[in-house]
Structure formats: structure tokens, C-alpha cells
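Here is a protein chain to explore together. Have a look at it before reading on.

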Amino acid sequence: MSKSKVELTLVASDTTTDKNVSEFLQSQLESKLPGLKVTVKNLPSKSAYNLVANGKFDLYLSFWINDYADPYSELQTLEKTNSHNYGK
């Protein structure tokens, strides 16, 4: 069964950068995917993190800074044992 309308919430922090990026993502997703409605929820970092840690999100905007200059540092974010991978 296909859906003609889908609604998702994008959670992000309330920093200027995250607000700008989340608004850009919202406009691009909605313009490229007819029937998609993205609601942006910019919250203080701690509040956004708590929502995500409790699995109460559809999309989450975050960033990762490598601990060291090696591709493995980036690849670790995809491991199931990574405590910061909330994608489940």
C-alpha cells in the first residue's frame, strides 16, 4: 500500500547553524518529495538530545567530529554498539 502523504518531524538544536540547516533540509525535502510534510522542531540542545535518546523522533540533525584522523573514527558512528547512534 502506498501513501500519498507522509508527515515527519525533524529535531535539531536551536543554534543558528542548526536552524538554517534544518530549514534548508525542510524546503529541499518538501520540494523534491511531493506529499511529504516536514515539521522542524528546534530545541535547546539538551531537550533535543533527550527526545532522541528516548526514541521520540523521525529525523534528527546532528554532527560528528572525528576523534582522530582515520576513516575508522567516522565508520564507528554506524556500529550498533555506538552509544550515540540512535537510528536503531
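The questions and answers below walk through this predicted model.

Q: In what order do the helices and strands of the chain run from the N terminus on?
A: Let's start with the inventory: the secondary structure comes to three helices and three strands. Reading from the N terminus, the order of the elements is β-α-β-α-β-α.

Q: Which strands stand at the edges of the sheet?
A: The three strands make an open sheet with parallel pairing, in the order β2-β1-β3. Two of them have a single partner strand each, so one side of each is left without a neighbour in the sheet; these edge strands are β2 (36-43) and β3 (59-60).

Q: Which residue in β2 stands opposite leucine 10?
A: Strand β1 covers residues 6-13 and runs parallel to β2. Eight bridges join β1 to β2. Across from leucine 10, the residue in β2 is valine 40.

Q: Is valine 52 buried or exposed?
A: Valine 52 sits in helix α2, which spans residues 45-53. Its relative accessibility is 0%, and a residue under 20% counts as buried, so valine 52 is buried.

Q: How many Å apart in space are valine 52 and valine 11, C-alpha to C-alpha?
A: Along the sequence, valine 52 and valine 11 are 41 residues apart. In space, their C-alpha atoms are separated by 8.0 Å.

Q: What is the nearest side chain of opposite charge to aspartate 18, and how far away is it?
A: Aspartate 18 is found in helix α1, residues 16-32. Leaving out residues up to four places away in sequence, aspartate 18 touches Ala12, Ser13, Asn42 and Leu61. Aspartate 18 is buried yet has no salt bridge. The nearest side chain of opposite charge is lysine 19, 10 Å away.

Q: Is serine 4 buried or exposed?
A: Serine 4 lies in the segment before β1. Its relative accessible area is 63%, and over 50% counts as exposed, so serine 4 is exposed.

Q: Which residues does serine 4 touch, not counting residues up to four places away in sequence?
A: Serine 4 and proline 34 are 30 residues apart along the chain, with their C-alpha atoms separated by 8.1 Å. Once residues up to four places away in sequence are set aside, the residues that serine 4 touches are Pro34 and Gly35.

Q: What percentage of the accessible surface of the chain belongs to carbon and sulfur atoms?
A: Of the 88 residues of the chain, 17% count as buried. The accessible surface of the chain comes to about 6,800 Å². The part that belongs to carbon and sulfur atoms is 55%.

How values were computed
Residues numbered from 1 in each chain as written. Predicted model: local features only at pLDDT ≥ 70, side-chain atom pairs only at ≥ 80, totals over all residues. Heavy atoms only, no water. Helix = DSSP H or I, 4+ residues; strand = E, 2+ residues; numbered from the N terminus. Buried < 20%, exposed > 50% of the residue type's maximum accessible area, 1.4 Å probe, protein only. Lys, Arg positive; Asp, Glu negative; His and termini not counted. Salt bridge = Lys/Arg side-chain N within 4 Å of Asp/Glu carboxyl O. Contact = heavy atoms within 4.5 Å. Pairing = 2+ DSSP bridges. Areas by Shrake-Rupley, 256 points an atom, 1.4 Å probe, with all protein chains shown as cover.
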